[in-house]
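Welcome to my notebook. I kept these entries for anyone meeting this structure for the first time.

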Amino acid sequence: MMNDKEIRTLLQEALAEELSAEQIDLWPAVKANLVAGKQQTLSQGDKMNINNSLSPYRLRHAAVALMLVVALLALAAITPQGRALAENARHFFTRSQGEAIALPAAAALPSDLAAPTAEPPAPLISVAEASAQAGFSVIALPAAPAGLTFLGARYYGNAVHLEYQAANNEGYLIITQSKHGFLQSDWDAAPETAVIPVQIGDLPGELVQGTFVTYAGAEAAEWNPTAPIVRLRWMQDGIWFEMGRYGSAHAVTQLDQADLVALAESLTVQP
Amino acid sequence: MRKDMYMNDQIAISRLKQGDLTGLETLVKRYQAMAVHAAYLILYDRAQAEDVAQAAFVKTAERIHQFDGKRPFAPWLYQMVVNDALKLARKQQRLVSVDAESDESVTRVAEWLVDPAQRPEQILEQEEIRRLLLQAIASLPPEQRAVIVMRYFLNMSEASMSAKMERPLSTIKWWLRDARHRLRGLMESFG
């Protein structure tokens, strides 16, 4: 007898054949719905942050940022002096122009939003397995911070993600390590005034708290400096690091700037 | 590197709860295919299935603060999809017709679904099996299709399905057993 799993697989294959996943792209319509404020509850004031990172304007900025990153990486790869210069001169967060981002009209959504941008969730693996997949030695915290549990590592998007979760699932600490760079879309940018230079040991880094938010139907997104999203970025030995804390759980909100820096400094290769 | 490759579900949901739609974009990209597939299995209409899935993601943005972070996201989403698809299907009582004159094989499958004793004698081409499976399911009433989706996409318990469908547990058990046995037998007869 076929078991449920086999039937499930057959069904999924049949549906994938009937409706190819590559032909399904709901995001432009979902986004247009939200931007246009057609949903009653949203129009009543829920905050929404609209991602228009692929507009021509944003693409130009992304391209410039990408070229700068590539140039610095190339410089860093050539000489030790170049590496030091690049690591010292780099902005780890793209700077936004002010504390607002103009939003495009819903009707003018760029067609290239149809391009897939996400990968399926990767399974949790050990740090050693993540190192093997990433091709470099992944470093981790010697112990999980108080109130957090180490779930494991995931490898996707050419990056390793070490996940620590608060007991009530309302907060996370994620340490991302990659040879390939940071997120550099405008929505991951921050106003100059929100970027705090920090030192992780002898290494320069940058810390940002907040994110851009807006209301459905608004014409601009505004920087919210109190949003409980804190990101710390730095680079070490050619690897790009981001330590982010997300959510409102006490176990993560209690981690202030000094704590995050101390955690970053404590990252080590696990035995 | 694409902007949302860094995000797992937890980060995406956390961002969305803060009003950051990049979190929703990640969830849409990640789950849209399964959501449309689940709706399609009940509605058998691609446009309607995409509308239902799209509406579910808009509801996700509206209701994310009601989401229990201790639970996985996918079943929460898929339940909205199934509920809305079933409501629409009930309104339309959409039944996919099986044209006996145009496709004899499908006709035999449909007849066999009604009466498992009438097993199809012809061994069909392997590549036809999946197509016939979908058509066979289409011949079921919407409630039984929804039961299949809940069982095979959502891994829901019979008790949960009973509550969702507002039907007695015995009815759910019968629907599920009937649908499962017929599907199993159908596929084995082609195997």
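**Helix 2 and helix 4 of chain B**

I looked up which residues touch here: L27(B), Y31(B), M34(B), A35(B), A38(B), A39(B), I42(B) and L43(B) in helix 2 of chain B meet F73(B), A74(B), L77(B), Y78(B), V81(B), V82(B), A85(B), L86(B), L88(B), A89(B) and Q92(B) in helix 4 of chain B. Contact means heavy atoms within 4.5 Å.

**Ground rules**

I am reading a predicted model, where local features need pLDDT of at least 70 and side-chain atom pairs count only at pLDDT 80 or more, while totals for chains, interfaces and linings use all residues. Residues are numbered from 1 along each chain as its sequence is written, chains are lettered from A and ligands numbered from 1 in the order in which they are written, and side-chain values use heavy atoms, with hydrogens and water left out.

**Chain B at a glance**

I found 9 helices and 0 strands in chain B. Helices (H or I, at least four residues) and strands (E, at least two) are DSSP runs, numbered from the N terminus. Of the 191 residues of chain B, 60% count as buried. Buried means under 20% relative accessible area, exposed over 50%, and partly exposed in between (1.4 Å probe, protein chains only).

**Back to the helix pair**

Helix 2 (residues 21-43) and helix 4 (residues 73-92) of chain B pack at an angle of about 30°, with their axes 9 Å apart. That makes helix 2 of chain B roughly parallel to helix 4 of chain B. Angles under 35 degrees count as roughly parallel, over 145 as roughly antiparallel, 65 to 115 as roughly perpendicular and the rest as oblique. Axes are lines fitted to C-alpha atoms, for helices over the stretch in contact, and angles run from 0 to 180 degrees between N-to-C directions.

**Helix 1 of chain B**

Is this helix buried or exposed? I see that 8 of the 9 residues of helix 1 (residues 9-17) of chain B are buried, so it is largely enclosed by the rest of the structure. Among the buried residues are D9(B), R15(B) and K17(B). Helix 1 of chain B is followed by G19(B), whose phi is positive, near 95°.

Helix 1 and helix 2 of chain B pack at an angle of about 140°, with their axes 6 Å apart. That makes helix 1 of chain B oblique to helix 2 of chain B.

**The core**

Which residues have the most contacts inside the largest nonpolar core? I noted L24(B) and L41(B), in a core of 67 residues. Such a core is a set of buried Ala, Val, Leu, Ile, Met, Phe, Trp, Tyr and Cys residues joined through side-chain atoms within 4.5 Å. Its largest share, 14 residues, comes from helix 2 of chain B. Leaving aside neighbours within four places in sequence, L24(B) is in contact with residues including W27(A), V30(A), L16(B) and F57(B).

**Two positive phi values**

Most residues other than glycine have a negative phi. Y44(B) has a positive phi near 55°, and lies in the loop between helix 2 and helix 3 (46-63) of chain B. Y44(B) is buried, with a relative accessible area of 13%. D237(A) has a positive phi near 50°, and counts as exposed at 67% relative accessibility.
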